[in-house]
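Subject: Structure handover

Hello,

Here is the structure I said I would pass on. Please open it alongside this message; my notes follow below.

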Amino acid sequence: MSAGPYSDASDLPGLSSDGDELVFANPWQAQIFALVVGLHQRGCFSWGEWTEILSTEIAAVSANGENDNNNANKAESSPGGACCRMWVIALERLLMNKTIVYSGDIQNRVNSWRNAYLNTSHGNPVTLSRADDQLSEAR
């Protein structure tokens with residue numbers, strides 16, 4: 001998969017690779033990467049817009065002295081996990097800035113997933129109810 005103007009996975013800062021392919025510690029990390037690349041490829045934003053907002057997020061995290069050593073969730077505390085979390089925040093901001101989504105929609109979806117997660121028995125897949133999907137589509 002081509003990731004914007006990058007010809008090589010090693011060009012992507014903060015992400016691990018085995019030389020030719022990106023390596024993600026968790027499925028959600030691969031999913032956010034694929035979502036960003038897919039939205040870019042569909043023309044939702046330019047790669048320049050993406051790198052600008054991601055750079056701003058990285059600078060903000062650095063300026064605030066945030067790092068994964070302060071993160072209570074050690075399962076996500078790899079450098080790649082921190083990078084992917086910045087990708088999530090940057091993507092949310094970019095989509096809100098372009099009014100592709102609204103902040104309330106993102107928060108509602110976060111709440112829906114949190115409720116679904118908390119109400120799913122261990123070992124079962126977490127899914128949203130059809131009512132949750134219809135509520136977000138109605139907005």
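Helix 1 first. Its buried residues are Gln29, Ile32, Phe33, Val36, Val37, Gly38 and Leu39. Just after helix 1 comes glycine 43, with a positive phi of about 85 degrees.

Bear in mind that this is a predicted model. Mean pLDDT for the protein is 75, and 66% of the residues reach 70 or more. Among the elements, helix 2 (residues 47–63) has the highest mean pLDDT, at 90. Helix 5 (residues 130–138) has the lowest, at 54. Residues 6–10 have pLDDT below 50, and this stretch makes ten contacts in the model beyond near neighbours in sequence. Residues 68–76 are also below 50; that stretch has 17 such contacts.

Now the core. The largest nonpolar core has 19 residues. Which of them touch the most other members? They are Val36, Phe45, Trp50, Leu54, Trp87 and Leu91. Helix 1, helix 2 and helix 3 (79–97) are the elements that give two or more residues to this core. Helix 3 supplies the largest share, eight residues.

Leucine 91 deserves a look on screen. Setting aside neighbours within four places in sequence, leucine 91 is in contact with Ile32, Leu35, Val36, Leu39, Phe45 and Trp50.

Next, a charged side chain. Glutamate 57 sits in helix 2. Is glutamate 57 buried or exposed? Its relative accessible area is 6%, so it counts as buried, the cut-off being under 20%. Residues up to four places away in sequence aside, glutamate 57 touches Met86, Ile89, Ala90 and Arg93.

Last, helix 4. This helix runs over residues 103–118 and has 16 residues. It reaches 23 Å from first C-alpha to last, close to the 22 Å expected at 1.5 Å a residue. Ile106, Ser112 and Ala116 are buried there. Seen down the axis of helix 4, the buried residues fall within an arc of 125 degrees, so they line one face of the helix.

Over to you.

Best wishes

Key
Residues numbered from 1 in each chain as written. Predicted model: local features only at pLDDT ≥ 70, side-chain atom pairs only at ≥ 80, totals over all residues. Heavy atoms only, no water. pLDDT = per-residue confidence, 0-100. Helix = DSSP H or I, 4+ residues; strand = E, 2+ residues; numbered from the N terminus. Contact = heavy atoms within 4.5 Å. Buried < 20%, exposed > 50% of the residue type's maximum accessible area, 1.4 Å probe, protein only. Expected span 1.5 Å × (residues − 1). Arc of directions from axis to C-beta. Core = buried A, V, L, I, M, F, W, Y, C linked by side-chain atoms within 4.5 Å.
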